[in-house]
Amino acid sequence: MSLQLGDAAPDFVQDSTHGPIHFHEYIDGKWAILFSHPKNFTPVCTTELGEVARLKAEFDKRNVRVLGLSVDPLEDHHAWSKDIEETQGVALNFPLLADADRKVSTLYGMIHPNADNTLTVRSVFIIGPDKKIKLTLTYPASTGRNFDEILRVLDSLQLTADYKVATPVNWKYGDDCIIVPAVSDAEADKAFPKGYRKVKPYLRLTPQPNL
Ligand code: BEZ
């Protein structure tokens with residue numbers, strides 16, 4: 001069965017452009033993103049990896065460690081890195097796993113044989129500091145991912161881990177949040193000193209609590 005939200009993120013040791021990665025040690029009490037791309041020296045993947053490198057300061061700000069993967073060998077990763085720097089204007093600044101033996105891609109269900117029997121799809125796993133899976137995403141090879149959306153989800157996950165709120169449709173950092181239904185009005189009065197707007201008994205909006 002595929003990995004699901006709340007499952008423990010499987011541990012592994014695999015070679016990477018930064019040397020062997022022991023995944024649970026790599027997470028090191030931080031948030032983590034493990035993402036696969038189908039193949040080196042391909043156009044969409046080249047743009048994606050450039051973008052992830054460009055967003056390093058955003059991931060650092062959120063205490064997130066990033067780890068990429070494809071089933072290409074390590075020598076190819078090093079050669080392709082030069083192309084990424086040349087074409088995207090930014091050097092890779094996070095490790096890329098060389099999963100030629102498919103150890104990690106099999107463990108994480110990143111190969112979808114009915115889409116492609118040999119290459120990984122575009123999978124994303126967001127993993128919390130507790131090493132549990134908080135989000136999974138799967139995109140086809142033909143569609144580059146929106147990493148701004150991944151940052152937005154990280155903001156929501158980190159906020160909802162600390163406060164009894166959820167985030168509404170199209171929420172972005174700074175917007176009002178929803179008080180979770182399990183919180184009574186009496187509790188909400190104490191827990192949300194900025195107050196809240198009660199649209200319905202189950203729909204209560206409060207300013208983002210950590211601002
Ligand atoms: C790409 O990154 O452009 C790509 C990779 C594999 C299949 C199709 C497109």
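This is a predicted model: local features need pLDDT of at least 70, side-chain atom pairs count only at pLDDT 80 or more; totals for chains, interfaces and linings use all residues.
# Notebook: helices, sheets and a few single residues

**α2 against α4.** I started with two helices: the axes of α2 and helix α4 (residues 74–88) come within 9 Å and cross at roughly 75 degrees. Angles from 65 to 115 degrees count as roughly perpendicular, so that is what I call α2 and α4. On the α2 side I find Cys45, Thr46, Thr47, Leu49, Gly50 and Arg54 in the contact, and on the α4 side Trp80, Ile84, Thr87 and Gln88. I sorted the residues of this contact by type and got four nonpolar, five polar and one charged.

**α2 by itself.** Next I looked at the helix alone. α2 covers residues 43–54, which is twelve residues. From first C-alpha to last it reaches 17 Å, close to the 16 Å expected at 1.5 Å a residue. Which residues of α2 are buried? I noted Cys45, Thr46, Glu48, Leu49, Gly50, Val52 and Ala53. Of these, Cys45, Thr46, Leu49 and Gly50 are also in the list of contacts with α4.

**The five-strand sheet.** I then traced the strands. Five of them form an open sheet in the order β5-β4-β3-β6-β7, and the pairing is mixed. At the edges sit β5 (96–98) and β7, each pairing on one side only. From one strand to the next the twist averages 20 degrees. α2 turns up again here, packed on the sheet and touching β3, β4, β5 and β6 (122–127). The direction of α2 makes about 20 degrees with that of β6.

I checked the pairings one at a time. Strand β3 (residues 31–36) and strand β4 (residues 64–70) run parallel and are joined by six bridges. Which residue of β4 is the bridge partner of Ile33? That turned out to be Val66. β6 and β7 run antiparallel, also with six bridges between them. Ile127 stands opposite Ile133 in β7.

**α6 and Gln158.** Helix α6 lies across β3, β4, β6 and β7, and it runs at about 150 degrees to β3. I picked out Gln158, which lies in α6 (residues 147–162). Is Gln158 buried or exposed? Its relative accessible area is 17%. Buried means under 20%, so Gln158 is buried. Leaving aside neighbours within four places in sequence, I find Gln158 in contact with Trp31, Arg62 and Val64. Trp31 falls within β3 (residues 31–36) and Val64 within β4 (residues 64–70).

**Two loop residues.** Ser142 is in the loop between β7 (133–139) and α6. At 63% relative accessibility, over the 50% cut-off, Ser142 counts as exposed.

Met110 sits in another loop, between α5 (103–107) and β6. Here the relative accessible area is 0%, so Met110 is buried. What does Met110 touch, not counting residues up to four places away in sequence? My list reads Leu34, Ser36, Leu69, Ser105, Leu119, Thr120, Val121, Ser123 and Phe125. I looked up Ala79 as well: Met110 and Ala79 are 31 residues apart in sequence and 23 Å apart in space, C-alpha to C-alpha.

**The four-strand sheet.** There is also an open sheet of four strands, in the order β8-β9-β11-β10, with antiparallel pairing. Its edge strands are β8 (165–166) and β10 (197–200), and each of them pairs on one side only. Three bridges join β10 to strand β11 (residues 203–206). I looked up one partner there: Lys200 pairs with Leu203 in β11.

**The chain as a whole.** Last, I noted the overall numbers. I count seven helices and eleven strands in the chain. The C-alpha trace spans about 60 × 40 × 30 Å along its principal axes. Of the 211 residues, 43% are buried. How many of the contacts between residues at least 6 apart in sequence join residues at least 24 apart? The share is 65%.

Notes. Residues are numbered from 1 along each chain as its sequence is written. Side-chain values use heavy atoms; hydrogens and water are left out. The expected span of a helix is 1.5 Å times one less than its number of residues. Buried means under 20% relative accessible area, exposed over 50%, partly exposed in between (1.4 Å probe, protein chains only). Axes are lines fitted to C-alpha atoms, for helices over the stretch in contact, and angles run from 0 to 180 degrees between N-to-C directions. Angles under 35 degrees count as roughly parallel, over 145 as roughly antiparallel, 65 to 115 as roughly perpendicular and the rest as oblique. Contact means heavy atoms within 4.5 Å. Ala, Val, Leu, Ile, Met, Phe, Trp, Tyr, Cys and Pro count as nonpolar, Asp, Glu, Lys and Arg as charged, and the others, Gly among them, as polar. Two strands pair if DSSP finds at least two bridges between them.
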